[in-house]
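Q: I am new to this structure. Please walk me through it, feature by feature.

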Amino acid sequence: MQTDLVEQAMRGNHDAFADLATRAWAKLYGTAGLILGDDGYAQEAVQAALIRAWRDLPTLRHPDRFDAWLYRLLVNACRDEARRRQRGRQREIGLDGLQAAAADNPVAWLADRDELDRAFARLTPDHRAILTLIYYRDLTVPEAAAVIGTPLGTAKSRLHRALDALRAALAAERRPRIEQEMGT
Amino acid sequence: MTGRDDLEGRLPAFLANRAPSPEPGLLDDLVRQTADLPQRRRGLMLASIGWLVVGAAAAVAVLVGVVVFGSGLVQTPVAPGTHATPSATPAPGMTTVSLPVPVQEKAIVEQAEMVFANRLKALGIGTFTASAGNDLRFTFLIPPSVDPADVDAVLHTAGRIEWLAWPDGAPTPNVGDPVPQGVLPLFDAASQITSVKLTTGHTSPQVPEVELTFGPVATEALATYTTSHIGQPLPLALDGRILTAPIILSPLTGGDVIITTPSVPDAGLSAAALAAILKSGPVPSGWTLP
């Protein structure tokens, strides 16, 4: 069924493309939001991915792999968006990722003090991407490797490093509180 | 202490809760945007190739006969333009045009493709494709209702328009002349044109006009400049050449400008073509007009 829609969209049927986009939309947005940590940037990335998808659909070689191809476009769009954020941050005030997130939305940031949330925000976009694809999109590691465009071994090691980085970030989140308790 | 299994076990629920949900209606907006975009043809080498429309740079020698600023109406001379003639293969009711396109940088080509697709669409041409086989081409169908001269004009005009602060005491600007060095625009027109309409009726029911609305920066700049330069020219330039040079009769404070082009056989740029160009914006810098 989806392959039929993909083939129609490849032939220029925009209604078929709109149907495909509607089916994928919520998960695309959620994935971009997790990777980028910002709803506005997520919207930009999804928009870029959908535009690219429509334009390049006729070049898709395997219509049955549309989902993986679409998520690859999305992850690439997220990388581009993250790079723009990085450049902007360096030009402005040189905040680290944690502080930048707080500066973007201080009220929401102060309200949300869950340590895992903050630890996840400390990860690099590449680490957030592999964790999101595996634990949010429920992809297998080989499927995630295809989406992010790396060999299987690279995807495995990136997943391992991402989990280690998340543990380290969790530990870092706890450290100030422990030190504060010891000091009082 | 958070162990490996504990952390990995917490992640699915954590990410599901943390993932944002899109606002209703947002998807419709995004999908609608893609409806206006052309699709690529299979086999196109995106990473290393580009396209360039073919035509004559002399087509930039466009003309505008009358410019209306508010209540002021000033006649200016008209210069002839030239047209490149694309190779065309007749089709039932339509003219098929396939323009060979030289290689350019990918990013520039992608931006230019969007600009040209929008310009042609504004003229009433909906079937525009960029394709590659042994060479690169823009291909589209011209319906009988569209003037081929308009197509020619929008393909061969970069589209950089400027309202010039003409120096006091400088010679009167002539239509078709290049903009002298050191003469600067009053504002960035590309970012300050907020609306472009193809209309009729301000000067004559039969004469097509381009009605422009400006943003606040341009509105203020025009008001300030024209208030202190009554009786002086306010040249309008397109792609570095004077398009028309009306004399300021009264301050322009409304933020709207109406440009009227003449209906003469050798006109290089009709109101329809000018409106299509201004609606779509200029081609990207770096795009080479042949």
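Q: Is Asp138(A) buried or exposed?
A: A residue is buried if 20 or more other C-beta atoms lie within 10 Å of its own, exposed if 12 or fewer, and partly exposed in between, with C-beta atoms placed from the backbone. Asp138(A) has 9 such atoms within 10 Å, so Asp138(A) is exposed. This is a predicted model: local features need pLDDT of at least 70, side-chain atom pairs count only at pLDDT 80 or more, and totals for chains, interfaces and linings use all residues. Residues are numbered from 1 along each chain as its sequence is written, and chains are lettered from A and ligands numbered from 1 in the order in which they are written.

Q: Where is the place of Asp138(A)?
A: Helices (H or I, at least four residues) and strands (E, at least two) are DSSP runs, numbered from the N terminus. Asp138(A) sits in the loop between α8 and α9 of chain A. Its phi is positive, about 60°, although Asp138(A) is not a glycine.

Q: At what angle do the axes of α8 and α9 of chain A cross?
A: Axes are lines fitted to C-alpha atoms, for helices over the stretch in contact, and angles run from 0 to 180 degrees between N-to-C directions. Helix α8 (residues 125–135) and helix α9 (residues 141–148) of chain A cross at roughly 135°, and their axes come within 9 Å. That makes α8(A) oblique to α9(A). Angles under 35 degrees count as roughly parallel, over 145 as roughly antiparallel, 65 to 115 as roughly perpendicular and the rest as oblique.

Q: Which residues of α8(A) and α9(A) meet?
A: Two residues are in contact if their C-beta atoms, placed from the backbone, lie within 7 Å. From α8(A) come Ala129(A), Ile130(A), Leu133(A) and Ile134(A); they meet Val141(A), Ala144(A), Val147(A) and Ile148(A) of α9(A). By class, this contact has eight nonpolar, no polar and no charged residues. Ala, Val, Leu, Ile, Met, Phe, Trp, Tyr, Cys and Pro count as nonpolar, Asp, Glu, Lys and Arg as charged, and the others, Gly among them, as polar.

Q: How many helices and strands does chain A have?
A: Chain A has ten helices and zero strands. Buried residues make up 37% of its 184 residues.

Q: How many residues are in the largest nonpolar core?
A: Such a core is a set of buried Ala, Val, Leu, Ile, Met, Phe, Trp, Tyr and Cys residues joined through C-beta atoms within 7 Å. The largest has 58 residues, and Ala49(A) is among those with the most contacts inside it. Helix α2 (residues 14–36) of chain A gives the largest share, eleven residues. Leaving aside neighbours within four places in sequence, Ala49(A) touches Leu28(A), Leu70(A), Leu73(A), Leu74(A) and Ala77(A).

Q: How many residues of chains A and B are in contact?
A: 27 residues of chain B contact 35 residues of chain A. On the chain B side, α1(B) supplies the largest share, nine residues. That side has 16 nonpolar, five polar and six charged residues.

Q: At what angle do α2(A) and α2(B) pack?
A: The angle is about 150°, with the axes 10 Å apart. That makes α2(A) roughly antiparallel to α2(B).
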